[in-house]
Amino acid sequence: MTESELIGHWVKARAHIIASQAAPTFLLTAIVGFLALGLPTADLSVRIAAAGILLASGIFGALAQISAANEGLAVIADLRALETPGSLARCVVAMARWVNVVRYVTPAIFVIVYVALLASLFFSAPALHFGR
């Protein structure tokens, strides 16, 4: 492949990484809002459904991120093999270590947030409601 084609593949992989964050981020944000509105006091079946939706979305998001990161690293390996890479190709190659953040750190953070939300859904005391 040419340098230009490889950079095009890098751009696609990076776009997939960004897009794979949209649904999990929205759902995590929504669940935090629902927790504040009383989700922990909802029927058990509703709380289990919320946990399942979060888990399914998180697994899908993590797989999409890991896959896109692996593709990005493959592109970087091919860019490294070029005899005379341009400055953009060298810039992409320099991002290699940061791609591992997408592969390992982001999914780990999701797991921590998921466990915290599960604890709030199933093990926390109901929040006090103030108002009239």
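Modeller: Let's start with a pair of side chains: that of Arg103 makes a polar contact with that of Asn70, at 3.2 Å. A polar contact here is a pair of N or O atoms within 3.5 Å; within protein, one must be able to donate a hydrogen and the other to accept it, and residues adjacent in sequence count only if both atoms are side-chain atoms. Before we go on, please keep in mind that this is a predicted model, in which local features need pLDDT of at least 70 and side-chain atom pairs count only at pLDDT 80 or more, while totals for chains, interfaces and linings use all residues. Residues are numbered from 1 along each chain as its sequence is written, and side-chain values use heavy atoms, with hydrogens and water left out.

Arg103 belongs to helix H5, where a helix is a DSSP run of H or I with at least four residues, numbered from the N terminus. Although Arg103 and Asn70 are 33 residues apart in sequence, their C-alpha atoms are 7.9 Å apart in space. Beyond residues up to four places away in sequence, Arg103 touches Ile66, Ala69, Asn70 and Leu73; contact means heavy atoms within 4.5 Å.

That brings us to helix H3, which covers residues 44-80 and is the part I would like to show you. Gln65 sits in H3. With a relative accessibility of 3%, Gln65 counts as buried; the cut-offs are under 20% relative accessible area for buried, over 50% for exposed, and partly exposed in between, using a 1.4 Å probe and protein chains only. Setting aside sequence neighbours within four places, Gln65 is in contact with Ile17, Ser20, Gln21, Val102, Thr106 and Pro107.

Ser57 is also placed in H3, and Ser57 is buried, at 13% relative accessible area. Its contacts, apart from neighbours within four places in sequence, are Ala23, Pro24 and Leu27. From Ser57 to Gln21 there are 36 residues in sequence and 9.9 Å in space, C-alpha to C-alpha.

Next comes Arg47, another residue of H3. Arg47 is buried but has no salt bridge, meaning a side-chain nitrogen of Lys or Arg within 4 Å of a carboxyl oxygen of Asp or Glu. The nearest side chain of opposite charge belongs to Asp43, 7.3 Å away; Lys and Arg count as positive and Asp and Glu as negative, with His and the chain ends not counted. A polar atom of the Arg47 side chain does lie 3.1 Å from the backbone oxygen of Leu121. Leaving out residues up to four places away in sequence, Arg47 touches Leu39, Pro40, Ala42, Leu121 and Phe122.

Finally, a look at the surroundings. From Ile76, Cys91 is 15 residues away in sequence and 10.0 Å away in space, C-alpha to C-alpha. Cys91 is found in helix H4 and is partly exposed, at 46% relative accessibility. H4 (residues 87-94) packs against H5 (residues 96-122) at an angle of about 45°, with the axes 5 Å apart. Val92, Val93 and Ala94 of H4 meet Ala96, Arg97 and Trp98 of H5.

Definitions and conventions: Helices (H or I, at least four residues) and strands (E, at least two) are DSSP runs, numbered from the N terminus. Axes are lines fitted to C-alpha atoms, for helices over the stretch in contact, and angles run from 0 to 180 degrees between N-to-C directions.
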